[in-house]
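Trainee: I have a fold on my screen and want to learn how to read it. Can we go through it feature by feature?

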Amino acid sequence: MARSKKQPVDASFILYDVFYQDGARTSNRKVPTAEIDSFDNEASVRAFIEAQDRKIAEMSGNPRGPIKSITRSDA
């Protein structure tokens with residue numbers, strides 16, 4: 001019996017630095033390219049990172065402040 005090949009998974013991502021209003025910064029936040037809307041990049045990246053922050057806050061009990069800005073990492 002022949003084995004079928006698995007379809008390749010798009011595992012590519014883009015790294016972003018996130019600056020919060022309280023002065024905190026997180027570097028190299030991974031955002032999958034499949035989650036980025038080609039028409040409104042900034043809004044889709046912000047929505048994905050905010051969802052990550054909510055999940056982290058839910059697990060740790062420490063909520064993050066509002067995001068001030070998001071920039072693409074140089075890495």
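Mentor: Start with a strand pair. β1 and β2 pair in the antiparallel sense over six bridges. Two strands pair if DSSP finds at least two bridges between them. Strands (E, at least two residues) and helices (H or I, at least four) are DSSP runs, numbered from the N terminus.

Trainee: Which residue stands opposite Ile 14 in β2?

Mentor: Val 31 does. Before we go on, know your source. This is a predicted model: local features need pLDDT of at least 70, side-chain atom pairs count only at pLDDT 80 or more, and totals for chains, interfaces and linings use all residues. Residues are numbered from 1 along each chain as its sequence is written, and side-chain values use heavy atoms, without hydrogens and water.

Trainee: What lies between β1 and β2 in their hairpin?

Mentor: Four residues separate the strands, and Gly 23 in this hairpin takes a positive phi near 95°.

Trainee: Which residue has a positive phi although it is not a glycine?

Mentor: First the general idea. Most residues other than glycine have a negative phi. Here, Asn 28 has a positive phi of about 55°. Asn 28 is placed in strand β2.

Trainee: Is Asn 28 buried, partly exposed or exposed?

Mentor: Buried means under 20% relative accessible area, exposed over 50%, partly exposed in between (1.4 Å probe, protein chains only). Asn 28 counts as partly exposed because its relative accessibility is 42%.

Trainee: In what order do the strands sit in the sheet?

Mentor: The open sheet has three strands in the order β2-β1-β3, with antiparallel pairing. At the edges are β2 (25–32) and β3, each pairing on one side only. β1 and β3 pair over five bridges, in the antiparallel sense. Across that pairing, Tyr 20 stands opposite Ile 67 in β3.

Trainee: Which residues make up the largest nonpolar core?

Mentor: A nonpolar core is a set of buried Ala, Val, Leu, Ile, Met, Phe, Trp, Tyr and Cys residues joined through side-chain atoms within 4.5 Å. The largest one here has ten residues: Ile 14, Tyr 16, Val 18, Tyr 20, Val 31, Ile 36, Val 45, Ile 49, Ile 67 and Ile 70. β1 gives the most, with four.

Trainee: What is Ile 14 in contact with?

Mentor: Contact means heavy atoms within 4.5 Å. Leaving aside neighbours within four places in sequence, Ile 14 is in contact with Arg 29, Lys 30, Val 31, Thr 33, Ile 36 and Arg 72.

Trainee: Is Asp 53 buried or exposed?

Mentor: Asp 53 lies in helix α1. Asp 53 counts as buried because its relative accessible area is 8%. Not counting residues up to four places away in sequence, Asp 53 touches Tyr 20, Arg 29, Arg 64 and Ile 67.

Trainee: What lies over the face of Tyr 20?

Mentor: A charge sits over a ring if NZ of Lys or CZ of Arg is within 6 Å of the ring centre and within 35 degrees of the ring normal. Arg 64 lies over the face of Tyr 20, at 4.4 Å from the ring centre.

Trainee: How much of the protein is buried?

Mentor: Buried residues make up 24% of the 75 residues.
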